[in-house]
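Q: I'd like to learn how to read strand pairing, helix packing and aromatic pairs. Could you take me through them one at a time?

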Number of protein chains: 2
Amino acid sequence: MKKLINDPDRVLADSLVGYAAAHPEVRVDHENRIVYRATPKDSGKVGLVSGGGSGHEPLHGGYVGLGMLDAAAAGEVFTSPTPDQVQEATKNVDFGAGVLHIVKNYTGDVMNFEMAAELASAETGAQVETVVVNDDVAVQDSLYTAGRRGVGTTVLLEKIVGAAAEEGRPLAEVAALARQVSESGRSMGMALTSCTVPAAGKPTFDLPDDEMEIGIGIHGEPGRRRVPLAPASDIARMLVEPVLADLDFTASPAIVMLNGMGGSPLIELYLMYGEVVKLLEAAGVTVARRLVGDFITSLDMAGCSLTVLKADDELIRLWDAPVNTPGLRWGV
Amino acid sequence: MKKLINDPDRVLADSLVGYAAAHPEVRVDHENRIVYRATPKDSGKVGLVSGGGSGHEPLHGGYVGLGMLDAAAAGEVFTSPTPDQVQEATKNVDFGAGVLHIVKNYTGDVMNFEMAAELASAETGAQVETVVVNDDVAVQDSLYTAGRRGVGTTVLLEKIVGAAAEEGRPLAEVAALARQVSESGRSMGMALTSCTVPAAGKPTFDLPDDEMEIGIGIHGEPGRRRVPLAPASDIARMLVEPVLADLDFTASPAIVMLNGMGGSPLIELYLMYGEVVKLLEAAGVTVARRLVGDFITSLDMAGCSLTVLKADDELIRLWDAPVNTPGLRWGV
């Protein structure tokens with residue numbers, strides 16, 4: 001295992017030290033492993049809390065800041081945060097208008113966020129709503145989920161719903177918007193190589209030199225199938241087709257994300273985006289906004305994923321609103 | 001070779017197609033492989049041109065935009081752009097106030113930019129100044145250079161000098177500032193793995209599973225030495241010590257970049273930054289600003305580099321000025 005780490009068991013703790021030093025605009029509670037805004041908006045704003053296993057950076061800690069999250073609870077690598085962590089985060093960003101939990105659909109995450117919501121309500125009377133993102137069209141159930149996995153749509157949701165919360169909208173409205181976004185996004189990923197979990201010390205799965213995995217999860221979970229290596233144009237088709245087959249994206253403007261899994265360089269991600277956008281446009285999709293880069297990763301895995309979100313003028317307006325986080329920044 | 005590409009000989013051309021589609025704020029001249037601002041500032045501003053071999057994304061095309069470059073000429077992967085390309089870019093961003101060439105110190109780059117400057121002057125009478133960045137403390141001469149290689153300081157220079165050019169300063173002043181920044185930056189890099197050049201189809205060098213290369217270049221050129229794999233804290237020392245030994249950084253505020261080589265995930269880069277900043281502060285360096293992420297890469301190489309720039313209040317002010325490029329964005 002070749003990694004820039006000290007001790008496989010201290011990767012998250014050590015990384016949060018560097019994260020705090022790199023970004024004075026956030027505050028890290030190292031004991032509870034929670035990232036907060038350094039300057040919280042504290043009057044009447046719905047608090048947005050997300051979190052999950054680490055290893056998907058910049059998700060979620062990188063999306064804390066103006067126009068996105070108020071707090072992110074970081075679990076160990078590929079491990080759900082505990083109910084205590086999420087409860088603590090929830091309590092601290094309840095500014096009197098309630099809290100929205102943004103949860104990716106993995107069994108542990110769903111369970112622990114649910115427990116945290118109950119604990120927080122019992123402790124302080126906090127009003128908590130929850131949205132569960134389950135946008136991965138690759139598989140129905142999987143290693144860590146009942147139902148579809150939550151992947152790339154989470155990033156787009158945190159941006160759009162973050163902008164709505166920033167406007168001071170009430171909890172019910174923010175939660176309804178979150179559900180709309182969640183239902184409007186679809187994703188599909190692929191891997192050229194496995195990731196290596198530091199504590200495991202070896203690749204999560206074996207993938208021969210001449211094969212790739214289509215429909216991979218963000219924890220190295222198996223996808224739909226293994227196929228021989230293929231040109232980028234064929235890979236693009238294997239990502240675009242199942243996404244378009246699952247939802248009609250032709251009637252509305254779309255927000256498209258071509259996301260890197262962590263080990264693929266930008267020159268390849270741009271190349272893939274070029275292939276993907278050709279297919280989307282040929283299928284009648286109007287790409288209104290786009291992101292290309294590493295936004296929800298899987299440690300050092302080489303590969304990429306595609307997320308397409310069915311938007312409308314209002315979602316585009318919220319997308320364009322100012323955002324100032326380590327992972328996404330514009331308009332400020 | 002596992003890559004998201006179509007044809008090893010079309011990687012740059014295909015990637016530029018995706019880049020243009022991803023970033024409507026830039027304009028790509030596909031024939032000449034030049035990235036321009038979509039909305040150039042055309043009155044009296046010094047034009048900033050950089051470029052070099054591809055494979056270092058987001059450098060240089062990702063730094064075209066408000067507050068940084070006016071044009072970037074993209075060579076094939078790890079290959080200098082031709083004099084014709086640079087001449088064309090120079091001509092098109094000469095808004096009457098002259099043009100500054102920002103060149104990394106590699107023999108081919110230096111030669112071709114020099115020829116381009118002569119051709120542009122002969123053709124249109126353009127005034128061209130040049131700054132050559134040679135900040136890599138790892139080796140004196142190397143595979144592709146006489147003298148030190150140009151690496152990370154280039155990114156910081158393009159930001160700072162870009163801000164000065166945006167203010168409408170005259171060419172002589174912009175060039176003098178560029179030389180000051182170039183002389184004030186030092187870098188040192190390391191690799192856990194080799195990169196693989198698409199046209200070669202195999203890793204540039206062999207690096208055993210239990211070794212790493214200290215002082216690596218951004219094209220996979222050999223560094224100072226190979227050593228056994230070590231914890232991040234030791235790696236940080238191997239980067240920080242030679243940088244601090246080469247220039248006194250204790251008397252002024254510093255801008256620090258912890259850069260990923262392309263194949264290392266963000267969780268590791270933050271961890272490395274945490275180790276580096278501890279050593280810098282212990283050595284009396286005041287870190288005023290910092291960047292952590294992939295800014296000057298080497299295809300899919302796993303590893304990182306450190307750049308430290310001796311700044312002053314004026315450089316910090318220019319650093320903080322608005323920038324709006326695909327690769328760096330703040331204050332807008």
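Q: Let's start with the strands: which residue stands opposite A:His101?
A: Two strands pair if DSSP finds at least two bridges between them. Here A:His101 faces A:Thr130 in E6(A). The strands involved, E5 (residues 99-104) and E6 of chain A, pair in the parallel sense over six bridges. Helices (H or I, at least four residues) and strands (E, at least two) are DSSP runs, numbered from the N terminus.

Q: Before we go on, what am I looking at?
A: This is a predicted model, where local features need pLDDT of at least 70 and side-chain atom pairs count only at pLDDT 80 or more, while totals for chains, interfaces and linings use all residues. Residues are numbered from 1 along each chain as its sequence is written, chains are lettered from A and ligands numbered from 1 in the order in which they are written, and side-chain values use heavy atoms, with hydrogens and water left out.

Q: What is the strand order in the open sheet of chain A?
A: The six strands run E1-E2-E4-E3-E5-E6, with mixed pairing. E1 (26-29) and E6 (128-133) of chain A each have a single partner strand, so they stand at the edges with one side lacking a neighbour in the sheet.

Q: Now helices: at what angle do H4 and H8 of chain B pack?
A: Axes are lines fitted to C-alpha atoms, for helices over the stretch in contact, and angles run from 0 to 180 degrees between N-to-C directions. H4 (residues 153-166) and H8 (residues 313-320) of chain B pack at about 90 degrees, axes 8 Å apart. That makes H4(B) roughly perpendicular to H8(B) (under 35 degrees is roughly parallel, over 145 roughly antiparallel, 65 to 115 roughly perpendicular, the rest oblique).

Q: Which residues of H4(B) and H8(B) meet?
A: Contact means heavy atoms within 4.5 Å. B:Leu156, B:Lys159, B:Ile160, B:Ala163 and B:Ala164 in H4(B) meet B:Leu315, B:Leu318 and B:Trp319 in H8(B).

Q: And how do I read an aromatic pair?
A: You describe it by the distance of the centres and the angle of the planes. Rings of Phe, Tyr and Trp (its six-membered ring) pair if their centres lie within 6.5 Å; planes under 30 degrees apart count as stacked, over 60 as edge-to-face and the rest as tilted. For A:Tyr270 and B:Tyr19, the centres are 4.8 Å apart and the planes at 85 degrees, so the pair is edge-to-face.

Q: Are A:Tyr270 and B:Tyr19 buried or exposed?
A: Both are buried (under 20% relative accessible area; exposed is over 50%, partly exposed in between, with a 1.4 Å probe and protein chains only).
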